[in-house]
Amino acid sequence: MVIKVFLASSSGSTAIKKKQQDVVGFLEALKIDYAQLDIASNEDNRAWMRENVPGEKKPTNGIPLPPQIFNEEMYCGDYDTFFDAKEDNTVYEFLGLTPPPGSKKIELKEAEQNGDAHTAELEEDEESKNAETDAQDENEEEEEPAEEEEESRKPAEEEEQEEAEGDKVEDNHLVSEEEEELRELEEEEEHPSEED
């Protein structure tokens, strides 16, 4: 099975060039074998592509634009459907290929065959929920120390105020003691004791 990508090597449209590069680059990244068929320099390729794109997939003007993707003679889709498959992580299904071992889709298919599909999906959902919960817990932990610091700061500030007020009282007390001593000394000076 060969994936055929119909391209226009000398397209004047930058949008078409980008779409073609996106398709080819993605296929190369996935190491999927494909053949590039140029419709600009080969009239047979152009005619074959136009004839084999299904009628309902053709644009309103009737001329499908590249890139168009086929698996042998089976039509896969244009850039938009390829892009959707890429976003949904279903490129292998889109191309009519079996996903390689180790991909999530393969694991789900094997689970379905064993009757564990629902379990596999639940486990996947559970893993994503656990990841979200862990992320929320981390955020809450980061917020809590700030609140604790603020709460511990309040009593400390209150204690400082009380100490300061206590110091004032003590200072006032000391002042009053000193005043009393001065008064006593003054009185003694004014009224010397009879013994002197």
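The questions and answers below go through the predicted model, from the whole chain down to single residues.

Colleague: What percentage of the residues in the protein chain is buried?

Modeller: A residue counts as buried under 20% relative accessible area. The protein chain has 196 residues. Of these, the buried ones make up 22%.

Colleague: Among contacts between residues at least 6 apart in sequence, what share joins residues at least 24 apart?

Modeller: Contact here means heavy atoms within 4.5 Å. Among the contacts in the protein chain that join residues at least 6 apart in sequence, the share with partners at least 24 apart is 54%.

Colleague: Are α1 and α3 parallel, perpendicular or oblique to each other?

Modeller: Helix α1 covers residues 14-29 and helix α3 residues 79-87, and their axes are 11 Å apart. The two pack at an angle of about 45°. Angles of 65 to 115 degrees count as roughly perpendicular and those under 35 degrees as roughly parallel. The pair is therefore oblique.

Colleague: What is the handedness of the crossing of α1 with α3, and which residues of α3 take part in the contact?

Modeller: α1 passes α3 in a left-handed crossing. The residues of this contact divide into 5 nonpolar, no polar and 3 charged. On the α1 side they are K19, D22, V23 and F26. On the α3 side they are Y79, F82, F83 and K86.

Colleague: Which element gives the most residues to the largest nonpolar core?

Modeller: The largest nonpolar core has 17 residues, and those with the most contacts inside it are I3, L27, I69 and L95. Two or more residues come from each of β1 (3-7), α1, α3 and α4 (91-95). The most, 4 residues, come from α4.

Colleague: Which residues does L95 contact, beyond its neighbours within four places in sequence?

Modeller: L95 is one of the residues with the most contacts inside the largest core. Leaving aside neighbours within four places in sequence, its partners are I3, L27, I32, I69, N71, M74 and C76.

Colleague: Is L27 buried or exposed, and what does L27 touch?

Modeller: L27 is in helix α1. Its relative accessibility is 1%, so L27 counts as buried. Not counting residues up to four places away, L27 touches I3, V5, I32, Y34 and L95.

Colleague: And L30: which residues is it in contact with beyond four places in sequence?

Modeller: L30 is in the loop between α1 and β2, and at 29% relative accessibility it counts as partly exposed. The contacts of L30 beyond four places are V91 and Y92.

Colleague: Which residues does F94 contact, again leaving aside neighbours within four places?

Modeller: F94 is found in helix α4. With a relative accessible area of 13%, F94 is buried. Its contacts are I69, C76, G77, D78, T81, F82 and A85.

Colleague: Where is the cis peptide bond?

Modeller: P67 lies in the loop between α2 (43-52) and β3 (68-71). The cis bond, with omega near 0°, runs from P66 to P67.

Colleague: K31 is not a glycine; what is its phi, and is K31 buried or exposed?

Modeller: K31 is placed in the loop between α1 and β2 (34-38). Its phi is positive, at about 55°. The relative accessible area of K31 is 73%, which means it is exposed.

Colleague: E72 is not a glycine either; what is its phi?

Modeller: E72 lies in the loop between β3 and β4 (74-78). At 28% relative accessibility, E72 counts as partly exposed. Its phi is positive, at about 55°.

Note on methods: Residues are numbered from 1 along each chain as its sequence is written. This is a predicted model: local features need pLDDT of at least 70, side-chain atom pairs count only at pLDDT 80 or more; totals for chains, interfaces and linings use all residues. Side-chain values use heavy atoms; hydrogens and water are left out. Axes are lines fitted to C-alpha atoms, for helices over the stretch in contact, and angles run from 0 to 180 degrees between N-to-C directions. Angles under 35 degrees count as roughly parallel, over 145 as roughly antiparallel, 65 to 115 as roughly perpendicular and the rest as oblique. A crossing is left-handed if the near helix is turned anticlockwise from the far one by less than a right angle, and right-handed if clockwise. Ala, Val, Leu, Ile, Met, Phe, Trp, Tyr, Cys and Pro count as nonpolar, Asp, Glu, Lys and Arg as charged, and the others, Gly among them, as polar. A nonpolar core is a set of buried Ala, Val, Leu, Ile, Met, Phe, Trp, Tyr and Cys residues joined through side-chain atoms within 4.5 Å. Buried means under 20% relative accessible area, exposed over 50%, partly exposed in between (1.4 Å probe, protein chains only).
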